[in-house]
Amino acid sequence: MTTAASVGTAPTKATSLKKPPRLKGGFPLIGHTIDFARDPVGLLQRAYDECGRVAQFKLAGKNVTLFTGPEAHESLFRLPDEVLSPSEAYKMMIPVFGKGVVYDTTPERMYEQLHMLHPALRNKRMRTYTEIIADETHKIISNWGDEGQIEVCEFFATLTSFTSSRCLLGEEFRNEMSEEFARVYEDLEAGIVPLAYVNAHLPIPAFRRRDRARARLGEMVSTIIERRRRKGIHSEDFTQTLMESTYADGTSLTDHEITGILIAAMFAGHHTSSVTTAWALLELLRAPDYHDKVCTEIRERFSADEGYSFERMRELERTEWAIKEALRIHPPLFMLFRAALEDCEIYGYQVKKGDWVSVSPLVAHRENEVFENALEYDPDRYGPGREEDRRPFAYMSFGGGRHKCLGNAFAILQMKTIFGVLLNNYDFELVGDPLDTDFGRIVLGPKPPINVRYRKRGTSDARVSA
Ligand code: HEM
């Protein structure tokens, strides 16, 4: 329950507030940076074990206070961007998204820009996306034959890059620019390195390639926009939505802004979905009882040639719980940051101007007080009578408050559709164990290589419905 004292406020008289307990250890200046780089989860867990729901440590010269627990999350996420800024915390993304876009603008402008994506995420569009995703999944398995083996991380990265580029950017990217887009996207991503936190404009090759890639992507998007306008083409994708959007003052987005928002959506949605699909399949394969329930749910619904329609996808309840549970145990964005632009109070604690604060979905999801036997894989926890994700600010994989994920429904739909097609056509089996997390990336996924064997099922396949 939220009390007046626990809801974040600012500014405040810092003297009357508690100071966040500091984690032991660490070196002068760099603090706990080395421990964090070696084993981020170990460090976060130690902070929680030693200090509890509020723990402060030092990373790369910044005081970071980690807040854990639904009430603390709520207190943090209720503060406005003018006090706790995502833009300041994520400013290394500015050269990737572009000047004047998302994190390089005012909080109101950023909100307006991102929320222009809403029409692209309505149910009407979701129907189109379901068909596209089912179609792409069918295409990618069309040459699989009766049996074989895949490396799951690579497989899902490729599949979700096809589905995301088609749904978000458009057919043109998928059909005509696929290879160049993959190269450009890779160069953009390679520019997101820890050094970018220090100075994202240093004259190093990775940043130069990133800037060239951003410029090229802008040209590619402009070519498509110009062609669509000239030929009167109307597509059902995010690009089209942004082409038709206007700010509150009636002005349209520039091509540069459209490109930046599209990149932001791709970055927010592609890897997160790719690694979650991989985790969800792997966790299912390690839980034979639940795996059988999911297969039954999918195969009963799609045994006849009824198609993978959006409406039918909504019926896949157990499949959805399995995805949510994989996301709970393995949240791809394991730390969410904000930078304090003013002294403020969060959950009764003092936060100083210039410090950073964080919520870790990963640490939060390990609390037994919030999730029963939190370390266990148990998708039934979302079922009737339990609904452990219902408590506000408890389930944090998609964040919370004003900046909660805009694409969560799309992401879940995408994963359900992929599983619908895959599990309806093939049986899968994990080759080898145990699984590890790859901490080498900002978006946490399973550590490759992870091989899975597949074998064709004897039953008839369901196809995409019109
Ligand atoms: C499994 C998949 C996904 C996960 C786990 C995920 C997770 C998150 C999280 C945790 C945040 C909040 C970040 C913060 O508060 O600092 C976020 C924000 C966001 N997500 Fe997602 N996301 C996923 C898929 C998607 C997809 C598919 C899209 C787009 C189609 C998307 C678009 C966004 C956008 C635009 C924001 C920024 C919202 C804002 O700042 O106002 N996400 N996501």
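This is a predicted model: local features need pLDDT of at least 70, side-chain atom pairs count only at pLDDT 80 or more; totals for chains, interfaces and linings use all residues.
Residues are numbered from 1 along each chain as its sequence is written.

I took helices (H or I, at least four residues) and strands (E, at least two) as DSSP runs, numbered from the N terminus. α14 (255-286) and α19 (408-425) each give the shell at least two residues. In total, 22 residues surround the ligand; a residue is near if its C-beta atom, placed from the backbone, lies within 6 Å. Among the closest are Ala268 and Cys405.

Next I checked how the two helices pack. Their axes, lines fitted to C-alpha atoms over the stretch in contact, are 10 Å apart, and the angle is about 40 degrees.

Then I turned to β1 (residues 54-59). Is it buried or exposed? Six of its six residues are buried, so β1 is largely enclosed by the rest of the structure. Buried means 20 or more other C-beta atoms within 10 Å of a residue's own, with C-beta atoms placed from the backbone. Val54, Gln56 and Lys58 point one way, while Ala55, Phe57 and Leu59 point the other way. In a regular strand the side chains alternate between the two faces of the sheet.

I followed β1 to its partner, β2 (residues 62-67): they pair in the antiparallel sense over six bridges. Pairing needs at least two DSSP bridges. Val54 has Phe67 as its bridge partner.

Notes. A residue is buried if 20 or more other C-beta atoms lie within 10 Å of its own, exposed if 12 or fewer, and partly exposed in between; C-beta atoms are placed from the backbone. Axes are lines fitted to C-alpha atoms, for helices over the stretch in contact, and angles run from 0 to 180 degrees between N-to-C directions.
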